[in-house]
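Colleague: I'd like to learn how to read a fold from a model. Can you walk me through one?

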Amino acid sequence: MCSVMKRPVQQALAATLRLRAYTESWRYAATEIRRFSPGVNPSLNPLWAPSRSYCSRMSRTGGLLFRQLFETESSTYTYLLADQETKDAVLIDPVLETIERDLKLINELGLNLKVAVNTHCHADHITSTGLMKKRIVGLKSAISKFSGASADIHLLEGDKITFGKHHLTVRETPGHTDGCVSLVLGDQSMVFTGDALLIRGCGRTDFQQGCPKKLYESVHRKIFSLPEHCLVYPAHDYLGQTMSTVGEERKFNPRLTKNLDEFTQIMNNLNLPKPKKIDISVPANLVCGVHQV
């Protein structure tokens, strides 16, 4: 009687131990997802973890240091990328109000900031590149040649911004403005889209040389042509989302999944208010952010 009862108990105990080990493995995977992909909410189903983990995608770019920073007033993301060996770094879309935060982080990490690049001439905030150049010896500013803005480096299609063994490749993505660029990491695992492509949205086209047709073609030809697993990091998000993927935006972007005529109609009828800081931001950004600062 005892031996008959003992076998089911042993089987139940073994199953419990297997489940505990699996659960611990899932918890570790979920932690890693949150670590490499802040804002991503892993499914409660442990079976989902191995196929959705972004850890493997990030690890393709060995030796890359990456930070995503946020400015609350304009909901702007600033991105810091660096080579962990050489400490050479690039800063994307820095904001005047957060210059001290950014400089402190760069100093704490012992980085050598080589280039501060703006994805376009912003209308909702002033860039900090002008003041940063006064604080960091040898720092160069960069922006599209077609932006009309002054900078040390005027970017064109196919140009490379190099930092250590890594680089960003320029893809011209006009439509929000004539001078919009997207920056693609060398292994195409990440793309920094500025205002051209937002998470489930896109930049407006009703001022600063905006053109719905140009924007539609830019996104479909220059961004949606990237691998579907490529991580999308926009210049702004107003809902607390930190990133997306090319594959997700191809499927779920409510504007850019439409045909060109439908997209144009949507963009021409947004009726958005003018950015509050446009009258000071654009003139300042045309001279590298040093106007009236």
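Predicted model: local features only at pLDDT ≥ 70, side-chain atom pairs only at ≥ 80, totals over all residues.

Colleague: Okay, which residues of H4 are buried?

Modeller: Buried means under 20% relative accessible area and exposed over 50%, with partly exposed in between (1.4 Å probe, protein chains only). In H4, residues 99–108, the buried ones are Ile99, Asp102, Leu103, Leu105 and Ile106. They sit on the same side of H4 because they cover an arc of only 160° around the axis, taking the directions from the helix axis to the C-beta atoms. The face turned away from that side carries exposed Lys104, Asn107 and Glu108.

Colleague: What covers the buried residues of H4?

Modeller: Count contacts, meaning heavy atoms within 4.5 Å. The cover includes strands S1 (64–71), S2 (76–83), S3 (88–92) and S4 (112–117), plus helix H5 (129–135).

Colleague: And in what order do the strands of the open sheet run?

Modeller: Two strands pair if DSSP finds at least two bridges between them. Here six strands form an open sheet in the order S1-S2-S3-S4-S5-S6, with mixed pairing. S1 and S6 (153–155) are the edge strands, each pairing on one side only. S2 and S3 run antiparallel, joined by four bridges, and Leu81 stands opposite Val90 in S3. H4 packs on the sheet, with its direction at about 160° to that of S1; such angles run from 0 to 180 degrees between N-to-C directions, with axes fitted to C-alpha atoms, for helices over the stretch in contact.

Colleague: Which residues have the most contacts inside the largest nonpolar core?

Modeller: A nonpolar core is a set of buried Ala, Val, Leu, Ile, Met, Phe, Trp, Tyr and Cys residues joined through side-chain atoms within 4.5 Å. The largest has 23 residues, and Leu81, Ile92, Val117, Leu168, Leu183 and Phe192 have the most contacts inside it. Not counting residues up to four places away in sequence, Phe192 touches several residues, including Phe66, Tyr79, Leu81 and Tyr233.

Technical notes
Residues numbered from 1 in each chain as written. Heavy atoms only, no water. Helix = DSSP H or I, 4+ residues; strand = E, 2+ residues; numbered from the N terminus.
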